[in-house]
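I opened my notebook to look up how this chain folds. I wanted the helices, the sheet and the core, in that order.

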Amino acid sequence: MTANPMPRLVRRVFPGRNPLATYGDRLEGAVLALGVVVTLFAVPVAGAIGSEIYATHESRVEVEQRSRTQVEAVLVQDAPSMSGASSSEALVERTEATASWHTPDGTARWGVVRAPYGAEAGTAVRIWVDLGGEVCRAAAGLLRRGACGRR
C-alpha cells in the first residue's frame, strides 16, 4: 500500500492494459474523469455568473438608494386583525392600513402602507418613499412594475 493516494487514483481512472481491469472498471474510470472535468469547468462558470448577477443587483441597489428614503409613518386607523386573514396572508403577517407621514422635504402625506396585523392607530411604522413622497411597495433589489408611487 502506498502512502500517496494519487497514483492509485490515476490507475483507477486510467486502468491501461491491466489484464484484471474489466469493461465496468474502464467505464467507472471514464465517468470519474468526466465528473472531474465537468467540476473543473463548472466552478469558474458559476463564479462568473454569480459575479455578473451581483454587479447587476449592486447597480440597481445604488439607484434605489439615491431615489428612496426611509421615513416613519403613523397609523391613523387600526390595522385589521389577523382573524379574518387567509392562511397565505397570515404568513406575510402584514396588511394594509391608512397612515400619515412627512416627506424628506417636510410635506405631510397620507395613504395606505403595510403594517403588522392588529396594529393600533398611533403606531409608528417605517416605510420607504420615493423623492415625491409616494410609498414604495418593494424593498431594495425587488423592483416590480408600479413598485414606487403608482398603483
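**Entry 1: ground rules.** I began with angle words: angles under 35 degrees count as roughly parallel, over 145 as roughly antiparallel, 65 to 115 as roughly perpendicular, and the rest as oblique. Axes are lines fitted to C-alpha atoms, for helices over the stretch in contact, and angles run from 0 to 180 degrees between N-to-C directions. I noted that this is a predicted model, where local features need pLDDT of at least 70, side-chain atom pairs count only at pLDDT 80 or more, and totals for chains, interfaces and linings use all residues. Residues are numbered from 1 along each chain as its sequence is written, and side-chain values use heavy atoms, with hydrogens and water left out.

**Entry 2: the parts list.** I looked up the elements. Helices (H or I, at least four residues) and strands (E, at least two) are DSSP runs, numbered from the N terminus. The protein has three helices and four strands. From the N terminus on, I read the order α-α-β-α-β-β-β.

**Entry 3: two helices.** I turned to helix H1 (residues 5-13) and H2. They pack at an angle of about 115 degrees, with their axes 7 Å apart. H1 and H2 are therefore roughly perpendicular to each other. H1 makes the contact through Leu9, Arg12 and Val13, while H2 uses Asp25, Glu28, Gly29, Ala30, Leu32 and Ala33. Contact means heavy atoms within 4.5 Å. I sorted the residues by class: five are nonpolar, one is polar and three are charged. For these classes, Ala, Val, Leu, Ile, Met, Phe, Trp, Tyr, Cys and Pro count as nonpolar, Asp, Glu, Lys and Arg as charged, and the others, Gly among them, as polar.

**Entry 4: two valines.** Which of these is buried and which is exposed: valine 13 or valine 31? The cut-offs first: buried means under 20% relative accessible area, exposed over 50%, and partly exposed in between (1.4 Å probe, protein chains only). Valine 13 is found in helix H1. At 12% relative accessibility, valine 13 counts as buried. Leaving aside neighbours within four places in sequence, valine 13 is in contact with Gly29, Ala30, Leu32 and Ala33. Valine 31 sits in helix H2. Valine 31 is exposed, at a relative accessible area of 55%.

Entry 5: I traced the strands next. Strands of a sheet pair through backbone hydrogen bonds, either parallel or antiparallel. Two strands pair if DSSP finds at least two bridges between them. Here I found an open sheet of four strands in the order E3-E2-E1-E4, with antiparallel pairing. The edge strands are E3 and strand E4 (124-130), and each pairs on one side only. Neighbouring strands are turned by 50 degrees against each other on average, direction ignored.

Then I went pair by pair.

- Strand E2 (residues 94-102) and strand E3 (residues 108-116) pair over nine bridges. Tryptophan 101 stands opposite arginine 109 in E3.
- The hairpin of E2 and E3 has five residues between the strands, and glycine 106 there takes a positive phi near 100 degrees.
- Strand E1 (residues 68-75) and E2 pair over three bridges. Valine 74 stands opposite serine 100 in E2.
- E1 and E4 pair over seven bridges. Threonine 69 stands opposite valine 129 in E4.

Helix H2 (residues 23-67) lies across E1 and E4, running at about 55 degrees to E1.

**Entry 6: threonine 98.** Threonine 98 lies in strand E2. Its bridge partner in E3 is valine 112. Threonine 98 is buried, with a relative accessible area of 17%. Not counting residues up to four places away in sequence, threonine 98 touches Leu75, Val76, Gln77, Trp110, Gly111 and Val112.

**Entry 7: the core.** Last, I looked for buried nonpolar residues. A nonpolar core is a set of buried Ala, Val, Leu, Ile, Met, Phe, Trp, Tyr and Cys residues joined through side-chain atoms within 4.5 Å. The largest has 14 residues, and those with the most contacts inside it are Leu75, Trp101, Val113, Ala115 and Ile127. E1, E2, E3 and E4 are the elements that give two or more residues to this core. Leaving aside neighbours within four places in sequence, isoleucine 127 is in contact with Thr69, Gln70, Val71, Ala73, Trp101, Val113 and Val135. Of the 151 residues of the protein, 23% count as buried.
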